[in-house]
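Please look at the sequence and the model first.

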Amino acid sequence: MGFKTPEIPYELKVGRDINTVFNLHQVISEQQDYFDFVLVDICNALNFRTDATISSRDIALTRADTCVKSHYWSDFVLAKINSYMTDCDSPYEHIRLRSEAIMTQEINFAMHLSVHAVVVDMPKSSRIENFARILDQYFQNVHTSMKFILRIEIPSEFQEAEEQYEKYTQFKMLCGHYNGLQIILQFGANLPSWDSFSKRWTGDKIFGVQLDTDSFLTNQKGYPVLSKAHQETFKWLMKQNVNFILKGKHPSDDLDKHYQYLCHLFKNHDVLDEEEKIEVSYRNFLQSPLQPLADNLEAATYEVFENDTIKYDIYEDSLYRAYQDKKKYGRFFQTNASLANNDQENIEMRDPSSDPDEPIVVMYFGAGRGPLIRRAIKAAQRADVKIKVIALDKNPNAIVTLRNMIIDENLSDRVTLFAGDMRKIAIGDLQGDILMSELLGSFGDNELSPECLNPTDKFLKKGGIFIPFSYTNYVVPISSQILWNEVNVYANSTISNRISISQQLYPFELPYVVKIYSATYPCGDKTQEVFTFRHIPYPDDPKIAHIPEGEGQSMRKYDRKIFVVKEEQSEIHGFGGYFTAELYQEIIYSTNPEVHTPKMHSWFPMYFPVKEPFIAFKGQEVIISIWRNNSQAKVWYEWSMSVYDPVKNKTIYSTHIHNINGRGFSIGL
Ligand SMILES: C[S@@+](CC[C@H](N)C(=O)[O-])C[C@H]1O[C@@H](n2cnc3c(N)ncnc32)[C@H](O)[C@@H]1O
């Protein structure tokens with residue numbers, strides 16, 4: 001089961017919610033042709049139990065487990081817990097006690113059956129502490145693999161929908177953001193505005209969306225269809241790969257046409273281009289950042305880099321422009337595009353000592369398996385200049401590929417190879433015009449580009465340039481229960497094949513590389529810049545000389561950025577990190593969402609989690625403080641987040657400083 005199309009790399013799963021099931025065996029055999037699962041009451045909703053009868057053994061609580069084979073319970077049945085007779089937070093003790101007993105009795109029986117999941121309705125009352133406590137007892141029971149799903153009714157009115165979200169947030173906080181918790185959003189015939197809705201729930205673990213068949217409209221041919229608002233919302237939810245649940249008026253209603261309609265929506269909900277198809281399996285998947293300086297990268301990793309032709313196109317364009325300037329004016333105009341465009345002035349500024357017959361020397365430091373050697377040569381052919389390449393890498397395995405490349409492609413007259421660490425290597429008196437590198441990580445400097453490049457100024461001829469010559473990091477607060485839960489999984493597990501056990505000691509104290517998909521931006525998605533590193537030893541614009549760069553710039557940084565909350569109430573789970581690199585004049589590549597280089601997939605963003613998610617309200621300020629620190633042996637980031645209330649003129653919340661002294665994560669020098 002599950003509806004598939006060749007174009008979409010995931011499937012549509014649809015379940016059915018049925019009230020009053022008398023013969024479960026029959027229901028399953030009727031429904032399993034279309035539906036992937038059914039929601040049924042674990043006990044008849046009207047099975048009234050008083051304090052006296054609840055523990056009676058004379059009356060069977062519900063149908064026997066033997067009515068269906070056990071795999072149906074675990075694969076096909078989601079058990080609804082009675083919400084009709086329960087109010088766990090009732091001020092009346094006898095109602096509270098009875099409610100607690102009913103819920104406990106039903107959940108225990110569902111566990112006995114090993115059903116796929118239990119579905120509990122969010123209480124209607126505003127008090128939920130005791131309700132949360134009862135469920136949290138189970139959440140702490142590590143022995144059950146059964147899922148817990150909270151079903152939340154989404155009212156059409158914006159303010160009421162907000163209140164439901166706030167209640168859900170409180171529930172999550174009361175239960176310590178339990179990892180296994182998922183939600184079903186239950187819609188009616190009218191939806192709250194699309195914008196507010198998507199901002200609220202994108203980052204949460206939505207198991208499914210439920211809709212009654214009477215919320216469908218009927219088209220001219222008499223078929224069920226959805227309103228435009230529902231269609232938009234459903235298409236968006238299909239992209240999040242959630243399940244859909246239909247509920248008819250009567251248990252025996254035929255829902256085939258409603259099912260067909262969902263399949264029709266699914267077929268048209270998303271058109272993924274080739275890049276997105278590659279990226280889809282990386283959505284929300286956490287990876288620990290690479291350390292190309294401390295470790296030797298593997299062949300497969302280089303292959304992934306080399307697949308991103310966009311990045312190499314950008315390098316080629318930068319080199320081409322740099323070669324052209326060198327050819328025409330005998331010098332570079334790297335940072336000042338207006339100077340570069342002023343032909344007359346440039347001719348006057350021509351470097352008289354530059355010999356046009358001398359080849360331009362490109363030093364390619366951190367050459368990997370050499371993709372940019374080919375691009376440097378190609379750009380030279382385009383600009384019609386002679387070049388020589390000095391390629392260097394410290395990874396002995398990459399050197400093997402580079403040696404073979406020089407032989408196989410007859411490059412020995414143009415390419416000289418060195419094996420070693422650029423920070424320490426001696427290469428005689430060789431010097432270059434351009435020092436090109438690609439040492440950037442998801443958070444710009446996190447692969448230690450500054451530490452590697454600063455000592456290489458000496459390899460540049462006077463007037464030489466670095467490509468890239470500058471890189472800047474950006475941050476923005478994010479809300480994503482899904483990403484936070486992923487980190488929490490590491491925190492709660494002792495064995496994971498994704499990151500090393502030592503890193504799991506402080507899983508909330510390391511940043512993760514991740515294709516952030518299920519997240520919202522409570523302060524808006526505009527990022528703010530934090531650290532910049534520059535490599536401009538011979539500035540073409542004299543003003544730039546005042547900005548510390550190269551060996552002169554500090555490797556230890558601190559920045560503090562203020563973001564204003566735009567949503568009514570938001571839960572914050574950390575912040576996202578991005579970067580922009582400047583290569584030549586206005587040529588950049590960037591992962592900063594505002595100016596993200598189209599179709600470039602070499603870098604996913606970085607997610608910096610906080611140990612405890614926190615709430616901030618509209619108008620309050622969320623502050624990100626971030627440090628880049630170092631010792632003789634390593635570099636690391638530390639971070640904290642706080643909330644400032646401008647009305648009270650007070651800081652009302654602060655996280656601890658994460659990763660102090662690099663205890664959870666550091667990058668080896
Ligand atoms: C991110 S990879 C990029 C490789 C190549 N430019 C590409 O695009 O496929 C960085 C490369 O720099 C090398 N590297 C890192 N630090 C280095 C250092 N200090 N000295 C020499 N090579 C270094 C690594 O071994 C790795 O091959």
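Two strands pair if DSSP finds at least two bridges between them. The model discussed here is predicted.

Q: Which residue in the turn between S24 and S25 has a positive phi?
A: Strand S24 also pairs with strand S25 (residues 650-654), antiparallel and over four bridges. In this pairing Asp645 stands opposite Lys650. S24 and S25 form a hairpin with four residues between them, and the turn residue with a positive phi of about 60° is Asn649.

Q: What is the bridge partner of Val635 in S26?
A: Strand S26 (residues 667-668) pairs with S24 in the antiparallel sense, and two bridges are found between them. In S26, the bridge partner of Val635 is Ile667.

Q: Is Glu438 buried or exposed?
A: The UniProt annotation "active site", from an unreviewed entry, covers Glu438 and Glu447. Glu438 lies in the loop between strand S14 (432-437) and helix H16 (449-453), where it touches Gly366 and Leu372, leaving aside residues up to four places away in sequence. A residue is buried if 20 or more other C-beta atoms lie within 10 Å of its own. Because Glu438 has 23 other C-beta atoms within 10 Å, it is buried.

Q: Why does Glu447 count as buried?
A: Glu447 is placed in the loop between S14 and H16. Not counting residues up to four places away in sequence, Glu447 touches Leu290, Pro292, Leu293, Leu439, Leu440 and Gly441. Glu447 counts as buried because its C-beta neighbours inside 10 Å number 23.

Q: Which element gives the most to the shell around the ligand?
A: The ligand is surrounded by 22 residues, the closest being Gly366, Gly368, Lys394, Asn395 and Met422. Helix H10 (299-306), helix H14 (371-383) and strand S12 (387-393) are the elements that give two or more residues to this shell. With three residues, the element that gives the most is H10.

Q: How many residues of the shell around the ligand are nonpolar?
A: By class, the shell has three polar and six charged residues. The nonpolar residues of the shell number 13.

Q: What percentage of the residues in the chain is buried?
A: The secondary structure of the chain comprises 18 helices and 26 strands. Of the 669 residues in the chain, the buried ones make up 40%.

Key
Residues numbered from 1 in each chain as written. Predicted model: local features only at pLDDT ≥ 70, side-chain atom pairs only at ≥ 80, totals over all residues. Buried ≥ 20, exposed ≤ 12 C-beta atoms within 10 Å, placed from the backbone. UniProt positions renumbered as here; feature names shortened; annotations may be inferred. Contact = placed C-beta atoms within 7 Å. Near = placed C-beta within 6 Å. Nonpolar A, V, L, I, M, F, W, Y, C, P; charged D, E, K, R; others polar.
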